[in-house]
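Please read these points with the sequence and the structure open beside you, and follow each one on the model as you go.

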Amino acid sequence: MDKIRILVIEPYKEPYQLKVEHTLKNLQNIVGGLIEYIELEHNVDLICNEEGKILGLPLNRKVGYDVICGTFFIAGQHEGETISLSRKQIRKYKKIFKLDNNKNMAQFIYNILLKNGGMNEQ
C-alpha cells in the first residue's frame with residue numbers, strides 16, 4: 001500500500017508532518033471516526049471527524065467562520081483522490097495552523113455563541 005505525506009493538527013499542539021498508509025481505516029483512525037472532506041483550496045483538503053462537534057471533541061482550530069473539533073489533517077487531492085502534500089504545501093499549512101495564529105479562538109467562539117443565542121446573559 002502506498003504512503004502519503006499529510007499534515008496532522010491536534011488540539012493544543014503544533015502541526016506535524018506524518019507519512020501514513022493510504023487506507024480509509026488509517027485516515028479514520030487519525031480523526032477518530034467518520035471522515036469529512038473540506039476543500040481548503042484547489043487540490044488541498046482538510047479532513048476531519050464528521051461528528052466532531054456532536055461527539056464533543058476538543059475545540060481545535062478556527063477555519064473560516066467555523067471551528068474544527070478534534071484532530072484533523074491536511075492532504076493533497078487530485079481528481080477526488082487523496083494524495084501527498086508537497087513540501088511547499090506542508091510549510092504553508094504549518095504556518096496557517098500554527099498555535100499562535102489561533103490565539104483568538106476563545107473570543108471567536110464567544111462571539112458565535114452570542115450571535116446564535118447560545119449564551120444567556122444574566
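1. In which strand does Lys 19 lie? Lys 19 lies in strand 2, which covers residues 16-21; helices (H or I, at least four residues) and strands (E, at least two) are here DSSP runs, numbered from the N terminus.

2. Some words on the source of the values belong here. This is a predicted model, and local features need pLDDT of at least 70, side-chain atom pairs count only at pLDDT 80 or more, while totals for chains, interfaces and linings use all residues. Residues are numbered from 1 along each chain as its sequence is written, and side-chain values use heavy atoms, with hydrogens and water left out.

3. For the overall layout, the secondary structure of the protein chain comes to 3 helices and 8 strands, and along the sequence these follow the pattern β-β-α-β-β-β-β-β-β-α-α. Of the 122 residues of the protein chain, 37% count as buried, where buried means under 20% relative accessible area, exposed means over 50%, and partly exposed lies in between (1.4 Å probe, protein chains only).

4. Strand 1 (residues 3-9) pairs with strand 2 in the antiparallel sense over 6 bridges; two strands are said to pair if DSSP finds at least two bridges between them. Strand 1 and strand 2 form a hairpin with 6 residues between them.

5. The loop between strand 1 and strand 2 holds Tyr 12, and the phi of Tyr 12 is near 65°, a positive value in a residue other than glycine. This deserves a second look because most residues other than glycine have a negative phi. Tyr 12 counts as exposed, at 64% relative accessibility.

6. A positive phi is also found at Glu 79, where the value is near 50°. Glu 79 lies in the loop between strand 7 (72-78) and strand 8 (81-83), and at 74% relative accessibility Glu 79 counts as exposed.

7. A further hairpin is formed by strand 5 and strand 6, with 2 residues between them, and Gly 64 in its turn has a positive phi of about 65°. Strand 5 (residues 59-63) and strand 6 (residues 66-69) run antiparallel and are joined by 4 bridges, and within this pairing Lys 62 stands opposite Val 67 in strand 6.

8. How many salt bridges does the structure hold? The structure holds 3 salt bridges, each counted when a side-chain nitrogen of Lys or Arg is within 4 Å of a carboxyl oxygen of Asp or Glu. In one of them Glu 10 pairs with Lys 13, the closest N and O atoms being 3.4 Å apart; Glu 10 is buried, with a relative accessible area of 18%, whereas Lys 13 counts as partly exposed at 42%.

9. Another salt bridge joins Lys 92 to Glu 41, with the closest N and O atoms 2.8 Å apart. This pair links distant parts of the chain, since Lys 92 is in helix 2 and Glu 41 is in strand 3, 51 residues apart. Lys 92 counts as partly exposed at 39% relative accessibility, and Glu 41 counts as partly exposed at 29%.

10. Asp 66 forms a salt bridge with Lys 53, the closest N and O atoms being 3.0 Å apart. Here too the pair links distant parts of the chain, with Asp 66 in strand 6 and Lys 53 in the loop between strand 4 (44-49) and strand 5, 13 residues apart. Asp 66 counts as partly exposed, at 34% relative accessibility.

11. Lastly, Lys 3, Lys 19, Arg 87, Lys 88, Arg 91 and Lys 95 gather in a patch of positive charge on the surface. Such patches are made of residues with over 30% relative accessible area and no salt bridge, like charges being joined within 9 Å and nonpolar side chains (Val, Leu, Ile, Met, Phe, Trp, Tyr) within 5 Å. Helix 2 (residues 87-96) gives the largest share of the positive patch, 4 residues, while Lys 19 is exposed, with a relative accessible area of 51%.

Notes
Accessible areas come from the Shrake-Rupley method with a 1.4 Å probe; for residues, only the protein chains shown count as cover. Lys and Arg count as positive and Asp and Glu as negative; His and the chain ends are not counted. The place of a charge is taken as NZ of Lys, CZ of Arg, CG of Asp or CD of Glu.
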